[in-house]
Amino acid sequence: MANDTKVAAGLYKQTLLAGLWRENPVFRLLLGMCPTLAVTAAVKPALTMGLSVIFVLLCSNIVVSLMRNLLKPHLRILMFTLTIATFVTIADLFLKAFTPVMSETLGPYVPLIIVNCIIICRAEACASKNNLIVSIIDALGMGVGFTLTLCVLAGIRELLSTGEIFEVPVMPDAFVPWVAMSMPVGAFITLGLLLGLVNIISKKKRKT
Amino acid sequence: MLENITVSSAPHISKPLSTRSVMIDVIIGLVPAMAAAGYYFRIYALILIPTCVFSAVATEWLCNLIRKKPNSLGDLSAVVTGIILALSLPPSLPIWAAIIGSVFAVAIGKMVFGGLGANVFNPAMVGRAFLTASFGMMMTSWTVPATIDAKMPRIAPENMMHSRTQATPLWWSKLAIKNKLGADVYSNAQFESTFTGEVGGCLGETSAIALLIGGLYLLIRRTINPSLPLAVLLSAFIFAAIAYLIDSDAYVQPVFHLTSGAMLLCAFFIATDPVTAPLTTKGMWIFGIGVGAITMLIRIVGEYPEGVMYAVLLMNAVTPLIDRFCKLVPAGGKLK
Amino acid sequence: MLKIKHFIQQSWLLIVSSFFFGLLIAIASAAWSPRIEQNKIDKLNRLTAALLPEAKHFIEIDTEIEIELAKGKRKKIKVYKAVSDADECVGWSFNAAGQGFQDKIELVVAVDKDFQSIAGFDVLASNETPGFGDKIKLPNWRNQFAGAPVEELKLVKTGDVKKIDSEIVAISGATVSSEAVVKIINNSITQIKKQMQEKGLIGNGK
């Protein structure tokens, strides 16, 4: 019995860490590129987007995991989409009601979480095959991993394009903002360079 | 006989022509333009050109170090990128911006693709595009040449930012389109000054004469294929002429478009970059016509006064397609 | 019969959960929609209140005002009457939109009570080039509209930004965006003023 819990704890830990680094949705799986590129001009919207995704991911993983034994294989994608769309709509309404400014900044990218591949990927690859606890841990790991990556990307872009981080000025006065970094160009270049960096690090890790 | 060989697709004949010797030719070709820049913009040219060259070379060296690749500085391509970038910058651009541009040009424009030969876009233009997108204001403030403004600093750089600014010839022509004043903008005196270079503009683009001398040198040395500059200039001329014929009140004379702005610099030095231009003569014609047409489209219809940079970048993007379209048929072979 | 049975067997989960999810959304929407509506009104009020500091609240007027946009398209415009503490009209505000450099520019414009001078404007939504066109949002550019007469505003290349008159100094490097704003304001104010005069909401002035 004690051994079982140990094995389970190990599995939970692995699932949690997978989303953060080994299977990081943005850097390793390259999923959810649309929000990654579109809302990372500043940290605040990136964080809001990340939290919305965590919420939707968590809810959809719970629901899918609970009904995993009832799913008909050929109707499962339909079921996933329905679940995801429901929670995205709720998240969208919530943002509109409580953070109207943020909701306006994010614009169509909140409803677009519906087609964010990370969520459907986790529903298919994890929640529909695992029990509730594993699914919840997986959702948290993936969601937090996604949020952190978005924030790193947004931090770099916001710093260079406005000289601020989280709307707090950090650069000296003489700093001239690099406007290009707040444009789509900046998103692609920063993402590309970060992907390269992550590849270098993981290659080094594998060697040792 | 050795001079008769140009960079081209197969069949090849061996010749001691290396990237290095081509690049040395290009640098020699750019000397008149650099001299004109030095004459008209004095201290600005003296600072900007070495800054760009040095930071471009340093970036290439650093990238090679990181990638653990053999040092490729010997081919001098980084030097050429630095010079071309510097010549296409406004004279009063702050030094740090020039450094960012050069680092960006070499690192993002060339090295991330795998170094010289693998880059899709002209590195110097990539750097310039990034600067334009980032520091739009600085990239569109022009300085009058020292020959007009006697107060221009000659040695000390401290009052650099105070120099008078002046609109470029292309900005006038843009204004003319809006106010239907084409005939007024174009006068012999102004045509002359775009020829000699006594106007506002980027460091190396003002003097048509210096660029023509450099271009001629490259043509005589057969470093570049005459088709490309010819195609660029011809198509730009034709499109400018069409606009001029339609409404000679609004649009300036076609020759004016050829001598002003970065058109000549582009035709001889930027578009002819062997890596990012097509290999076959037919391909070069398509490429050149495209560059000329897009440039004129931006100048005449678009919102920006100058369109050379975007034209070159856009045509760079379709170069692989052009190359595939213009495959040469080997002797005795059949077109599939 | 068999078909229906098969159908239900396959899809009961989908139907049940659709119903359940629908209910969930309905509850969320019912709970939050007043807040969402309030947010929209608040935003408009906040913007207009900054333009007309004396106003305490805004009343939407009943009369229909319709203006003609560029291509013969007509659009209904909501005009709000700004009322002070003492229940006096202190000005009018309305939304106006038009084509900018890249995308539609939406403005909220406020004028004084006689439609004689502009009280100011603010940008509701725009997608102008960062660093150039988006400077239309900056207060030091917008301020030159505050107090300017409603008659045809003119855009000039150079001039004094601080001087309040019908000459609006363009943002350097963003003539198109500046022009768009001036055009939107000119177009909407003249038409709305005329219709309001016709309908007797404001005096014929002068």
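Which residues of chain B form a nonpolar patch on the surface? The legends below take up this point and two other sites in the predicted model.

**View 1. Nonpolar surface patch of chain B.** The patch is formed by B:L230, B:L234, B:F237, B:I238, B:F239, B:I242, B:I246, B:V255, B:W285 and B:I289. Together these residues have about 870 Å² of accessible area. Two or more residues each come from α11 (227-246) and α14 of chain B. Helix α11(B) gives the most, with seven residues.

**View 2. B:I289 in the nonpolar patch.** B:I289 is located in helix α14 of chain B and is one of the residues that form the patch. B:I289 counts as partly exposed because its relative accessibility is 39%, between the limits of 20% and 50%.

**View 3. B:G302 in a loop of chain B.** The loop that holds B:G302 runs between α14 (281-300) and α15 (308-325). With a relative accessibility of 23%, B:G302 is therefore classed as partly exposed. B:L321 is 19 residues from B:G302 along the chain, and the C-alpha atoms of the two are separated by 26 Å.

**View 4. A:S161 and its contacts in chain A.** A:S161 belongs to helix α7, which covers residues 132-162 of chain A. Its relative accessibility is 9%, so A:S161 counts as buried; the cut-off for buried is under 20%. Leaving aside residues up to four places away in sequence, A:S161 touches A:A41, A:P177, A:W178, A:M181 and A:S182.

Notes
Residues are numbered from 1 along each chain as its sequence is written. Chains are lettered from A and ligands numbered from 1 in the order in which they are written. This is a predicted model: local features need pLDDT of at least 70, side-chain atom pairs count only at pLDDT 80 or more; totals for chains, interfaces and linings use all residues. Side-chain values use heavy atoms; hydrogens and water are left out. Helices (H or I, at least four residues) and strands (E, at least two) are DSSP runs, numbered from the N terminus. Buried means under 20% relative accessible area, exposed over 50%, partly exposed in between (1.4 Å probe, protein chains only). Patches are made of residues with over 30% relative accessible area and no salt bridge: like charges are joined within 9 Å, nonpolar side chains (Val, Leu, Ile, Met, Phe, Trp, Tyr) within 5 Å. Accessible areas come from the Shrake-Rupley method with a 1.4 Å probe; for residues, only the protein chains shown count as cover. A salt bridge is a side-chain nitrogen of Lys or Arg within 4 Å of a carboxyl oxygen of Asp or Glu. Contact means heavy atoms within 4.5 Å.
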